[in-house]
Amino acid sequence: MDRLASFGNDPFDKPPCRGCSSYLVEPYIKCAECGPSPFLLCLQCFTRGYEYKNHQSDHKYEIMTSDFPVLEPGWTAQEEMALLEAVMDCGFGNWQDVAYQMRTKTKEECEGHYMKNFINNPLFSSTLLSLRQMEDHLSRTADTAIPFKPTDDPPRPSFDSQLSRDMAGYMPARADFMEEFDNYAEWDLKDIDFVDDDSDILHALKVAVVDIYHSRLEERQRRKKIIRDHGLINLRKFQILERHYPKEVQDLYDVMRRFARVVGPIEHDKFIESHACAKVYERVKRIREDERKKRNMLCDILQYIHDARACQQWLHKQAAIDAGITPVVTTITTSGRRSAPPLNLTGLPGTEKLNEREKELCQVVRLVPGAYLEYKQALLNECRRQGGLRLAQARSLIKIDVNKTRKIYDFLIKEGYINKA
């Protein structure tokens with residue numbers, strides 16, 4: 001059996017008991033074999049040997065409690081957590097309020113224990129130092145977008161110079177701006193004085209004016225943060241770095257600059273980069289589509305060209321077109337008219353509905369299976385309606401090449417699908 005820390009002081013923070021669904025109060029039981037979600041039981045259900053699904057009463061278990069010392073005797077783990085929460089709620093130094101929230105310790109006990117174990121403890125101080133060093137290291141190696149750090153040495157232009165105006169009146173020695181946004185916002189407060197004999201309406205009006213002033217201060221801080229985060233203090237340095245991007249990315253920066261105020265510098269750079277990559281993708285996609293069309297056209301041509309000499313001349317002609325050269329037109333002489341090759345039915349819709357003789361007909365006539373089935377059904381319906389069918393009637397029903405119509409008509413009569421009128 002192990003003694004482990006609980007979820008917190010508030011019983012509503014813990015999952016309920018799996019047996020009676022009541023809120024757990026320390027100490028309670030946790031099954032060490034059921035998981036991954038914790039299987040928790042109150043002491044009453046545990047003593048009754050409660051079992052549910054895979055949980056058995058003879059499983060190993062852990063006693064969950066925080067009633068044991070951690071840093072020094074007399075202070076349980078639950079009291080340590082309560083002290084930290086009280087200091088966080090009341091503030092460091094307000095020991096009277098911390099003791100009142102603790103209820104189990106006096107003001108002097110809370111102050112002495114906190115200073116001894118959390119402020120002057122070498123273990124915690126070394127841990128905080130290592131965390132601070134780690135944060136400094138991460139800040140130095142983080143992927144930032146043209147940062148302006150306090151350690152940088154920004155230019156110190158003379159007053160009212162062009163560079164000073166380019167830097168928006170920024171004063172590096174004071175790390176502030178010469179002129180604030182809404183620089184005269186304080187004038188609305190200079191004559192306001194809260195006195196005891198103010199009426200309710202006048203008091204509410206003064207409070208509203210102060211709230212408006214606070215909103216102006218927040219806007220000042222927001223604008224300063226945008227300028228510092230995006231490295232806009234040293235504008236010339238920012239512009240030099242921007243020129244390293246391709247022309248299309250620079251144009252995109254100019255268009256999208258207004259959106260920098262709503263996102264961080266890294267997110268804005270990634271936003272611009274993703275749009276630039278999207279344009280590159282579209283251009284490469286068009287090139288790939290053109291190449292695919294050329295390959296498909298070549299495959300289509302090669303299905304009909306069986307003459308090696310004619311095929312070679314066609315390839316030379318396409319190579320000349322791709323190279324930007326006017327191709328030399330040559331006359332291809334053939335010994336006679338060549339018939340088209342049989343149609344390849346692989347993958348065509350309706351092929352599975354044909355028998356072997358019908359497939360052979362479609363290949364020779366070069367008719368897709370779907371169209372053949374439609375023509376066949378139309379001829380069968382007309383034959384049933386009139387009791388027979390003539391070739392002229394079949395040609396009036398099927399508006400295709402007359403030779404193909406005759407072959408279909410003869411095939412259906414031969415196979416017994418229709419009768420002559």
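This note goes through the predicted model point by point, from its basis to individual side chains.

1. Basis. The model is predicted, and local features need pLDDT of at least 70, while side-chain atom pairs count only at pLDDT 80 or more and totals for chains, interfaces and linings use all residues. Residues are numbered from 1 along each chain as its sequence is written, and side-chain values use heavy atoms, with hydrogens and water left out.

2. Overall make-up. The chain has 15 helices and six strands, where helices (H or I, at least four residues) and strands (E, at least two) are DSSP runs numbered from the N terminus. Of its 421 residues, 27% are buried, a class that means under 20% relative accessible area, with exposed set at over 50% and partly exposed in between (1.4 Å probe, protein chains only). Among contacts (heavy atoms within 4.5 Å) between residues at least 6 apart in sequence, 46% join residues at least 24 apart.

3. The largest nonpolar core. A nonpolar core is here a set of buried Ala, Val, Leu, Ile, Met, Phe, Trp, Tyr and Cys residues joined through side-chain atoms within 4.5 Å. The largest has 22 residues, of which Leu367, Tyr372, Leu379, Leu389, Ile408, Leu412 and Ile418 touch the most other members. Helices α12 (356-365), α13 (369-386), α14 (391-397) and α15 (402-414) each supply at least two residues of this core, and α13 gives the most, with six. Leaving aside neighbours within four places in sequence, Leu367 is in contact with Leu343, Leu345, Cys362, Tyr372, Tyr375 and Ile408. Apart from this core lies another, of 11 residues, among them Trp75, Leu83, Val87 and Cys110.

4. A buried glutamate. Glu358 belongs to helix α12 and counts as buried because its relative accessibility is 2%. Its side chain makes polar contacts (N or O atoms within 3.5 Å; within protein, one able to donate a hydrogen and the other to accept it, with residues adjacent in sequence counting only if both atoms are side-chain atoms). One of these, at 2.9 Å, is with the side chain of Tyr372, and another, of 2.8 Å, joins Glu358 to the side chain of Lys376. Beyond four places in sequence, the contacts of Glu358 are Lys353, Tyr372, Lys376, Phe411 and Tyr417.

5. A buried arginine. Arg220, in helix α7 (residues 200-229), likewise counts as buried, since its relative accessibility is 8%. A polar atom of the Arg220 side chain lies 2.8 Å from the backbone oxygen of Asp182. Not counting residues up to four places away in sequence, Arg220 touches Glu180, Phe181, Asp182, Asn183, Ala185 and Glu186.

6. Strand pairing. Two strands pair if DSSP finds at least two bridges between them. Strand β2 (residues 28-31) pairs with strand β4 (residues 61-64) in the antiparallel sense over four bridges, and the bridge partner of Lys30 in β4 is Glu62. Strand β2 also pairs in the antiparallel sense with strand β3 (residues 40-41), over two bridges, and here Ile29 stands opposite Leu41.

7. Cysteines. Where a disulfide is a pair of cysteine sulfur atoms within 2.5 Å, the count comes to zero. The sulfur of Cys31 is too far for a bond because the closest cysteine sulfur, in Cys34, is 3.4 Å away; Cys31 is buried, with a relative accessible area of 4%. For Cys20 the closest cysteine sulfur, in Cys42, is 3.7 Å away, again too far for a bond, and Cys20 counts as partly exposed at 39% relative accessibility.
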